[in-house]
Amino acid sequence: MTLTITVQDVRDALAIYGIDTELTDSQIQKLIEFKTEELSELIGVPIGSITKEYDVFDFKGNKVFLQYYPVKSITSFKIDNVDITEYKLKKDNGYIKLSEGKTGDLVVVYEYGLDITPPIKYLIIDMIIYRLKYGIDGQASSVREGDVQVSYGGYSFASYIQNRIDNLRNKYAGRLRLL
C-alpha cells in the first residue's frame with residue numbers, strides 16, 4: 001500500500017502536539033520532501049522507485065542476488081535474450097531462485113525502493129514534528145554533571161525516532177558477498 005504525506009497530515013499532527021507554526025503550505029511541502037530524502041539517506045534505501053539493470057556475463061546457476069533491494073518489481077529477466085518467467089523472488093532481500101539451473105548472459109531490469117507505508121509515513125511526520133518542536137539542537141533524555149546524572153523519563157522522542165530509523169537501516173543493510 002503506497003500512501004502520500006499531505007500538508008494536512010502534517011498540520012493535523014502538529015495540532016495534536018500543540019505546535020503552532022507560521023509555515024506556509026509550500027514550506028511544509030518542502031519540509032516533507034526534505035525529511036523523506038533525509039530518511040532515504042539515513043537508511044540507505046530510496047523512498048519511491050529507482051530502476052536498475054543487473055548484468056552478469058556468462059551466468060551459471062539457479063540463484064541471483066540483486067544488488068539493490070527491497071525489489072518492487074522485475075521489468076525484464078532474460079538469459080541470452082530469452083525471457084525467463086519461472087522464478088521465485090524474495091522482494092525484501094532481492095533473492096531470485098530459478099526453477100532450474102541456467103547458463104548464459106543474464107540481464108535483469110528491476111525497480112527497487114520503499115513505498116510510503118503507514119510506518120514510513122508516521123516516521124517522516126515524527127521527524128518533521130521533532131524538527132519543528134526541538135529545532136536542530138534536539139531534546140536531551142538526560143543530563144550529566146560530574147558524578148550526577150538526571151534522567152528525563154529515559155526514553156526521549158529523539159530516541160524513539162532514532163530506533164525506528166536504525167531498525168529500517170538494519171533491515172536493509174548491505175549484504176557481504178565473498179568472491
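**Exposure and charge pairs**

Author: Arg11, at 25% relative accessibility, counts as partly exposed. The class is set by cut-offs: buried is under 20% relative accessible area, exposed is over 50%, and partly exposed lies in between (1.4 Å probe, protein chains only). The model is predicted, so local features need pLDDT of at least 70 and side-chain atom pairs pLDDT 80 or more, while totals for chains, interfaces and linings use all residues. Residues are numbered from 1 along each chain as its sequence is written, and side-chain values use heavy atoms, leaving out hydrogens and water.

Reader: With which residue does Arg11 meet in a salt bridge?

Author: Side chains of opposite charge can pair when their charged atoms come close. Here the partner of Arg11 is Asp25, at 3.0 Å from N to O; a salt bridge requires a side-chain nitrogen of Lys or Arg within 4 Å of a carboxyl oxygen of Asp or Glu. Arg11 belongs to helix H1 (residues 7–16) and Asp25 to helix H2 (residues 25–43), so this pair ties together parts that are 14 residues apart in sequence. Helices (H or I, at least four residues) and strands (E, at least two) are DSSP runs, numbered from the N terminus. Asp25 is itself partly exposed, with a relative accessible area of 47%.

Reader: How many salt bridges does this rule give?

Author: The count comes to ten. One of them joins Lys72 and Asp115, whose side chains meet at 2.5 Å, N to O. Lys72 is in strand S2 (residues 71–79), whereas Asp115 is in the loop between strand S5 (95–112) and helix H3 (118–134), so the bridge ties together parts 43 residues apart in sequence. Asp115 is partly exposed at 27% relative accessibility. Another salt bridge links Asp58 and Lys60, with their closest N and O atoms 3.0 Å apart. In that pair Asp58 is partly exposed at 41%, and Lys60 is exposed at 58%.

Reader: Which residues gather in a patch of negative charge on the surface?

Author: A patch takes residues with over 30% relative accessible area and no salt bridge, joining like charges within 9 Å and nonpolar side chains (Val, Leu, Ile, Met, Phe, Trp, Tyr) within 5 Å. The negative patch here consists of Glu53, Asp55, Asp80 and Asp105. Glu53 sits in strand S1 (residues 50–65), and its relative accessible area of 51% makes it exposed.

Reader: Is Thr36 buried or exposed?

Author: Thr36 is buried, with a relative accessible area of 15%. The residue lies in helix H2. Setting aside residues up to four places away in sequence, Thr36 touches Ile5, Ile47 and Ile124, where contact means heavy atoms within 4.5 Å. The C-alpha atoms of Gln162 and Met127 are separated by 9.4 Å, although the two residues are 35 apart along the chain.

Reader: What pattern does the chain follow along the sequence?

Author: The order is α-α-β-β-β-β-β-α-β-β-α, with four helices and seven strands. Of the 179 residues of the chain, 33% count as buried. Among contacts between residues at least 6 apart in sequence, 72% join residues at least 24 apart. The chain exposes about 11,300 Å², of which carbon and sulfur atoms supply 50%.

Definitions and conventions: Accessible areas come from the Shrake-Rupley method with a 1.4 Å probe; for residues, only the protein chains shown count as cover. Lys and Arg count as positive and Asp and Glu as negative; His and the chain ends are not counted. The place of a charge is taken as NZ of Lys, CZ of Arg, CG of Asp or CD of Glu.
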